[in-house]
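Q: I'm new to this one. Can you walk me through the structure?

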Amino acid sequence: MMRTPTTGEVRILQKLFERAVMPFDAESLLVDSMDDGGMGSLKIGKAHSERSFGSVCAELELNDDDGKPVLFSLYLDTAGNPYEMDAFKSDYSEATMLKNNSKQDASRATCGCLDAKR
């Protein structure tokens, strides 16, 4: 079910959109959680099933609250619109940093940005 992102998700999405040099408005953005074992991946925007993956436009890596790294990637669809935020934790455990009370700060990202091919 589509919803606005949580405070924890907004912290990550805002940094990804900033790195991709794309406008970000958390209040109008709609997301839907993906079945990824709690790592935090999100479908972005309406009609997700009618669109398809186009490219990766930004990435960042943060250490989760348990010290394990989580790689976040912002994917665009074939029209260049935000499509998904992929979250990958190497041990496949839940990414607790997406919870609103996380002590992690997205401004401390350790991984650079890919060139956006839009």
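A: What follows covers the overall build, the helix, the core, the aromatic pairs and one threonine.

Q: What kind of model is it?
A: It is a predicted model: local features need pLDDT of at least 70, side-chain atom pairs count only at pLDDT 80 or more, and totals for chains, interfaces and linings use all residues. Residues are numbered from 1 along each chain as its sequence is written, and side-chain values use heavy atoms, with hydrogens and water left out.

Q: How many helices and strands does the protein chain have?
A: One helix and five strands. These are DSSP runs numbered from the N terminus: helices are H or I with at least four residues, strands are E with at least two.

Q: And what pattern do they follow along the sequence?
A: The order is α-β-β-β-β-β.

Q: How much of the chain is buried?
A: Of its 118 residues, 42% count as buried. Buried means under 20% relative accessible area, exposed means over 50%, and partly exposed is in between (1.4 Å probe, protein chains only).

Q: What about contacts between residues 24 or more positions apart?
A: They account for 63% of the contacts with a separation of 6 or more. A contact means heavy atoms within 4.5 Å.

Q: Now the helix. How many residues does α1 have?
A: α1 has 13 residues. From first C-alpha to last it reaches 19 Å, close to the 18 Å expected at 1.5 Å a residue. That expected span is 1.5 Å times one less than the number of residues.

Q: Which residues of α1 are buried?
A: Among them are Val-10, Ile-12, Leu-13, Leu-16 and Phe-17. Glu-9, Lys-15 and Arg-19 are buried too.

Q: What covers them?
A: The cover includes β1 (31-33), β2, β3, β4 and β5.

Q: What comes after the helix?
A: Val-21 follows α1, and its phi is positive, near 55°.

Q: What does Met-85 touch?
A: Leaving out residues up to four places away in sequence, its partners include Ile-12, Leu-13, Leu-16, Ile-44 and Phe-72.

Q: Switching topic: how many aromatic pairs are there?
A: A search of the whole structure finds three. Rings of Phe, Tyr and Trp (its six-membered ring) pair if their centres lie within 6.5 Å; planes under 30 degrees apart are stacked, over 60 edge-to-face, and the rest tilted.

Q: Why is the pair of Phe-53 and Tyr-75 edge-to-face?
A: Because their planes sit at 85°, with the ring centres 5.1 Å apart. Phe-53 is in strand β3 and Tyr-75 in strand β4, 22 residues apart.

Q: Are those two buried or exposed?
A: Phe-53 is partly exposed at 42% relative accessible area. Tyr-75 is buried at 17%.

Q: Last one: where is Thr-96?
A: Thr-96 is in the segment after β5. At 28% relative accessibility, Thr-96 is partly exposed.

Q: What does its side chain make a polar contact with?
A: The side chain of Asp-65, at 3.3 Å. A polar contact is a pair of N or O atoms within 3.5 Å; within protein, one must be able to donate a hydrogen and the other to accept it, and residues adjacent in sequence count only if both atoms are side-chain atoms.
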